[in-house]
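Please read it with the structure open.

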Amino acid sequence: MKRVLTAFLILFLVLFVSPVWAQTSPFSADSSNRAPGRILVKFKQGTPQDSIDLNLSRYNARLAARISRLDVMVLKVPEGQENAIAAAFSKIPNVEFAEPDFVATALTITNDSFLSQQWGMFKVEAANSTSPSAWDITTGSSSVKIAILDTGIDQDHPDLSGKIVANHNFTTSPTIDDKYGHGTHVGGIAAAITNNSTGVAGLGYNSSLMNGKVLDDSGSGYYSWIANGIIWATDNGAKVINMSLGGSSGSSTLQNAVNYAVANGVVVVAAAGNSGNPSPTYPAYYSSVIAVAATDSNDAKASWSSYGSWVDVAAPGVNIFSTFPNHPYKINKSLNYDYGSGTSMATPHVAGLAGLVWATGICSTNSCVRAQIENNADAISGTGSYWTYGRINVYRAVGGTSPSPSPSPSPSPSPSPSPSPSPSPSPSPSPSPSPSPVPSTVMHVSDISMWSTSLFWNRNVYTKVTVLDQNNNVLSGANVSLTITLPSGALASGSGKTASDGTVTFRLRSRETGTYTSTITNVVKTDYTYDIGNSITTKSLVVN
């Protein structure tokens, strides 16, 4: 479960594989991830300006910047006194919260000429040379913008420059360009120019890129920079935000920025981290964010990938071939193209997939896009322990159907009087000598079960749906659409395909207590008719 902790300034490590950073608690003596001389303060709405000015003067603080959408002030304070001054502001009745400004760092470890070297595109079935793939269904849309909040993107890279539709530098670096190397690699995985006989393919294919530079030329940045980047991306039309970065401390400012994006319809994706343990990484740990772990070409968890019940999906993140700057840069790999590893590389696979799902028109909400990604993932080894849903499957998420099983081929009308070979455990309702079962062309929902788990104030609400054919055989490959009504009346919707046992399980993360009601809105499978009259369509669960 994802928990929210109060926090300060965290180092957002660019999620390449790199040494594990120390985990520190808010206001701890360890100042390694705290920005020197900076704190974040939010006064309650309606606080008089003269009262604000008086308190700033009292604690020798001056205004350095504002995060306007969040009503958060970035204050310069004497170095070494950050914790004490933040604690003093926290005690002022008109202050909603005060916290250090933490530092975050980059978390590092088609006919495109290098497509054959991009094993991840084939593993997740974005590309496939022998059978249908996601790119046979959709090649995305330039109207779908993916914001890469990172170290910048190489401005004249032949495989990227034509994709960049917006740039903004939130750091103190003198350039919007990528002098570190991380953001260019991430951007290429998400949406490099594809099918251009050059370089690599981007999973998001025709998706556009927004370049929000929130980490400086050393690969680190303040939480306040990142929060401003999230708001900029949201206000300028991003449908997806990719953050291949992370820090070890939670922050009210960072969480509020993420919540602002999600409330405005954006899918937010972030790297789970490279700690090799279940300790949280922010912002990935927040429940409104899709947290991404890394896997290798054998579908095994990367040894250094963070994991746990708070991680949602996995994606390829080991030896990923993608773009790098065409000029000297700090990571210092080859110019133009090279390999990189980390949950930083896994994350843009998911961001690119989100871009494709938006383009299909399957979904009109970010919650639906998220459900398409999560509920259509492959349940590889580690699912349920290292991550919740599995390794992403791009083909299924954009509406592709597995070639097996085909609509149940009924037994040929043999003269044999033997009973139906159906493996259904339910006894035949009648011993009468009925003919062999008719072809299964009708399906129904035979069962809906719900349960919940909780950790502190966070809750997971699960809904399991079982689909059978008219002979009561389990039916795989049926696409189930579900809407859950929360205790507050808010709605969450998603869809997913039944597995070989005829079931699909949905998970909703929430903090609300009360009655959750799951309602089946449709069931679809080629050559089958949904018999709603003989189906269970709704189920409720009280969660305390």
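1. The model contains one disulfide, counting as such a pair of cysteine sulfur atoms within 2.5 Å. It joins Cys-363 to Cys-368, with an S to S distance of 2.1 Å. The link of Cys-363 and Cys-368 is left-handed, with -60° about the S-S bond. Cys-363 counts as buried because its relative accessibility is 6%, and Cys-368 is buried too, at 11%. Buried here means under 20% relative accessible area, exposed means over 50%, and partly exposed is in between, with a 1.4 Å probe and protein chains only.

2. A word on the basis of these values. This is a predicted model, in which local features need pLDDT of at least 70 and side-chain atom pairs count only at pLDDT 80 or more, while totals for chains, interfaces and linings use all residues. Residues are numbered from 1 along each chain as its sequence is written, and side-chain values use heavy atoms, with hydrogens and water left out.

3. Which residues does UniProt list for "active site"? The unreviewed entry gives Asp-150, His-182 and Ser-344; positions are in the numbering used here, feature names are shortened, and annotations may be inferred rather than shown by experiment. The listed residues span 195 residues in sequence, but no two of their C-alpha atoms are more than 10.1 Å apart, so they gather at one spot.

4. His-182 is found in helix H5 (residues 182-191). Helices (H or I, at least four residues) and strands (E, at least two) are DSSP runs, numbered from the N terminus. His-182 counts as buried, at 0% relative accessibility. H5 is mostly covered, with 10 of its 10 residues buried; among them are His-185, Val-186 and Ile-189.

5. Lys-163 sits in the loop between strand S5 (145-150) and strand S6 (164-169). Is this lysine buried or exposed? Lys-163 is buried, with a relative accessible area of 10%. Leaving aside neighbours within four places in sequence, Lys-163 is in contact (heavy atoms within 4.5 Å) with residues including Ala-191, Ala-192, Ile-193 and Tyr-205. Lys-163 and Lys-145 are 18 residues apart in sequence, and their C-alpha atoms are 9.6 Å apart in space.

6. Phi of Tyr-205 is near 55°, a positive value in a residue other than glycine. Tyr-205 is buried, with a relative accessible area of 10%. Asp-299, in the loop between S11 and strand S12 (313-316), also has a positive phi, near 65°. Asp-299 counts as buried at 15% relative accessibility.

7. The peptide bond from Tyr-282 to Pro-283 is cis, with omega near 15°. Pro-283 lies in the loop between strand S10 (267-271) and strand S11 (290-295).

8. How do the axes of helix H6 (residues 223-235) and helix H7 (residues 252-263) cross, and at what angle? They come within 9 Å and cross at roughly 10°, which makes H6 roughly parallel to H7. Residues of H6 including Ile-226, Ile-230 and Asp-235 meet residues of H7, including Leu-254, Val-258 and Tyr-260.

9. Gln-470 is in the loop between strand S17 (458-469) and strand S18 (479-485). Gln-470 is partly exposed, with a relative accessible area of 29%.

Note on methods: Axes fitted to C-alpha atoms, helices over the stretch in contact; angles between N-to-C directions. Parallel < 35°, antiparallel > 145°, perpendicular 65-115°, else oblique.
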